Amino acid sequence: MKSVAILYHSAHGHTEHIAQCIREGLSGLAGIQAELLQAQQLAAAPDELLHHDGLILGSPTYLGGVSAPLKAAMDATGGLWRSQRLRGRLAAGFTVSALPAGDKQSTLLSMFTFCMQHGMLWVGNPILPEQHLGVPYEEAANRLGSWSGLMAQADKASPGHAFVPGDIKTARMFGRHFGETLLRLHAGTSVAQQLEHAR
Ligand SMILES: Cc1cc2nc3c(=O)[nH]c(=O)nc-3n(C[C@H](O)[C@H](O)[C@H](O)COP(=O)(O)O)c2cc1C
């Protein structure tokens, strides 16, 4: 059984809602267990990350970057960085913000850089935007066109009503893709076999 930690901060529940959708995508796979970890918990006990084979970081975008509680959790991993004990594990990131763009890319980039400093392996979001296939924009997977990580847009409604169906679907697909990649990595299949599998 491979374990994935979804480490997130959410002040008003929107990022948490997407974290739960990602977990649903992961949990549909035999051989994967996924756990939600709040940033504040991890900041107090960063070695918890050593119990997981994969890490997915999540944050609301605040002023074009990660929120302070997620950054505090990231900064608490300094000892793990010195010993490089997270090296070789899979990582990915997601962010939620109010605007269609909202500088979410900048948030994902800071997560990516953090994971690269830890020697982790970054998994993107290789889902073709479905609106080009005729799916209505609000129902389309990866409608926001983000390949470096998962983006979702929340309006002011409560978390259960703030997202269009396409963003919920994308979050589940993103979780599933991460889990499948983790399983393939540990199964030791070649890159050629992985590409064949993805077709
Ligand atoms: C301090 C602050 C800064 C924000 N900055 C941005 C921003 O740069 N871009 C954006 O689109 N939304 C921005 N937002 C909106 C949040 O990203 C959005 O409300 C998000 O859904 C909050 O997630 P949460 O419910 O998980 O806390 C900001 C909100 C706050 C409170």
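**Exercise 1. Find which elements of this predicted model carry the lowest and the highest confidence.**

Solution. Start with the chain: its mean pLDDT is 95, and 94% of its residues reach 70 or more. Then go through the elements. Helix H7 (residues 191-198) has the lowest mean pLDDT, 53, while strand S3 (residues 54-60) has the highest, 99. Where pLDDT is low, the predicted coordinates should not be read in detail.

**Exercise 2. Describe the shell around the ligand by its residues, elements and classes.**

Solution. First, count: 18 residues surround the ligand. The closest are His 12, Thr 15, Pro 60, Ser 97 and Gly 102. Second, assign elements: helix H1 (14-27) and strand S4 (90-97) each supply at least two residues of this shell. Third, sort by class: eight residues of the shell are nonpolar, nine are polar and one is charged.

**Exercise 3. Work out how S4 and S6 are joined, and which way the residues of S6 point.**

Solution. S4 and S6 run parallel and are joined by four bridges. In one of these strands, S6, Leu 150 is the bridge partner of Phe 94. From strand S6 (residues 150-153), Leu 150 and Ala 152 point one way, and Met 151 and Gln 153 point the other way. All of these S6 residues are buried.

**Exercise 4. Decide whether Asp 47 is buried or exposed.**

Solution. Locate the residue: Asp 47 lies in the loop between helix H2 (39-44) and S3. Asp 47 has 12, so Asp 47 is exposed. Finally, Thr 77 is 30 residues from Asp 47 in sequence, but their C-alpha atoms are 7.8 Å apart in space.

Key. Residues are numbered from 1 along each chain as its sequence is written. This is a predicted model: local features need pLDDT of at least 70, side-chain atom pairs count only at pLDDT 80 or more; totals for chains, interfaces and linings use all residues. A residue is near a molecule or strand if its C-beta atom, placed from the backbone, lies within 6 Å of it. Ala, Val, Leu, Ile, Met, Phe, Trp, Tyr, Cys and Pro count as nonpolar, Asp, Glu, Lys and Arg as charged, and the others, Gly among them, as polar. pLDDT is the predictor's confidence in each residue, from 0 to 100. A residue is buried if 20 or more other C-beta atoms lie within 10 Å of its own, exposed if 12 or fewer, and partly exposed in between; C-beta atoms are placed from the backbone. Two strands pair if DSSP finds at least two bridges between them.
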